[in-house]
Amino acid sequence: QSTWGFLTWLENKMAAPLQPWLHIFKGLSNRVGLLKNKRTCPVSFRQFRSFNSKELKKFYNKATISQSEGWFEINLDQRKLRTPGGNLFRVPNEALALAVATEWNGQQKIIKRHGMHLTSLCNTALDNPMHKTRDTLIRGIIHFLETDTVSFRMSEPEELMVVQEQKWDPVIEWMEKRYDIEVPTTTGIIVSPDVTPHTVDTLTRHLQSHSDWALFGYSYAADALKSLVLTFALLDKYLSVEQCVQLSRLEQDFQKMCIM
C-alpha cells in the first residue's frame, strides 16, 4: 500500500479533533547526527543544535509505537523519542502516532528533518516553546483574517482582479454562510479589512471547541496558506489540499503566466 493511501486510511480512522493534523500534513508537507549510545536511553534532540539541522545520518532501524498511560509514544529501535525541549514525545491518538512513525520509517540513509513536518508540529505542541496559552493561540489564528490572502484584491491588472473574483469569492461566500459571519475584502495592500466583532466572537467560540493539539494544527495551516478562510475550507473539507494551495498561490501563478 502506498504511503499516501496509508495516510488516507489513517485520516479516516482518526478522531475528529485530531484530523486537522493529518489532513494538513498530507498535502502541505509536499508543497510549500543522533549519536548512538551503548545504553538503552531516550533519544533527545537537545544533543544537537536543532531539529532542522541540514544533515543527520540515520541511526535506527525501525520506528514503532507503544502505549503508556493513555498516550502513544514513538520508539526508535529501543529508544524513546524525545522533543527538542527534552520532553517525552507522545501523542494522544494511535493514528497520529502511526503517522509520525511512518514519517520516521520513510527516512533513508540521511534523515531529512526539514521534511518531517508532522514531527515538527507535534514537537511544537508538546514543547510549546513560545509558551502560548489557548487564548493566545486562538487570537493568533483569528488575526490571519485581517491579512487573509483572499481578502486582498488587486485593481490592476484587470485580468487578475477578474480571476480573484472568480476563484476566491465562492470560498468567501461559503465561509460566510457556513459560520454566519462577514469576511471583508479590500483593494490594494495599504488598508486592512475591517473584521467585525461578531465575526471575531463567532470564530473564537468555534476554535474554543477544539483541543490544544487541533489549535496548533489550525495555526500551522493558516500560516502555510496565509489564509484563515482557506484553512477553514480545508479542515471542513470544502476544498482539497491541492485546491487550497492553488488558491493561496493565485497571484504568483498569474504573474508566472504573464511572464511566459
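**Exercise 1. How many disulfides does the structure hold?**

Step 1. Take the cut-off: a disulfide is a pair of cysteine sulfur atoms within 2.5 Å.
Step 2. Apply it. The structure holds 0 disulfides.

A word on the source. This is a predicted model: local features need pLDDT of at least 70, side-chain atom pairs count only at pLDDT 80 or more, and totals for chains, interfaces and linings use all residues. Residues are numbered from 1 along each chain as its sequence is written, and side-chain values use heavy atoms, with hydrogens and water left out.

**Exercise 2. Find the confidence of the model.**

Step 1. Know the scale: pLDDT is the predictor's confidence in each residue, from 0 to 100.
Step 2. The protein has a mean pLDDT of 82, and 77% of its residues reach 70 or more.
Step 3. Look at residues 13-17. Their pLDDT is below 50, and the stretch has 8 contacts beyond near neighbours in sequence. A contact means heavy atoms within 4.5 Å.
Step 4. Look at residues 30-50. Here pLDDT stays under 50, and the model has 44 contacts beyond four places in sequence.

**Exercise 3. Which residues of helix α5 are buried?**

Step 1. Locate the helix. Helices are DSSP runs (H or I, at least four residues), strands likewise (E, at least two), numbered from the N terminus. The protein has 11 helices and 6 strands.
Step 2. Helix α5 spans residues 134-143, and its buried residues are Leu-137, Ile-138, Ile-141 and Ile-142.
Step 3. They cover an arc of only 125° around the axis, so they lie on the same side of α5. The arc is taken from the directions from the helix axis to the C-beta atoms.
Step 4. Find the cover. It includes α7 (197-208), α8 (212-225) and α9 (228-235).

**Exercise 4. Which residues touch the most other members of the largest nonpolar core?**

Step 1. Define the core: buried Ala, Val, Leu, Ile, Met, Phe, Trp, Tyr and Cys residues joined through side-chain atoms within 4.5 Å.
Step 2. The largest core has 58 residues; Trp-104, Met-175, Leu-203 and Phe-232 touch the most other members.
Step 3. Helix α9 gives the largest share of this core, 7 residues.

Terms used. Buried means under 20% relative accessible area, exposed over 50%, partly exposed in between (1.4 Å probe, protein chains only).
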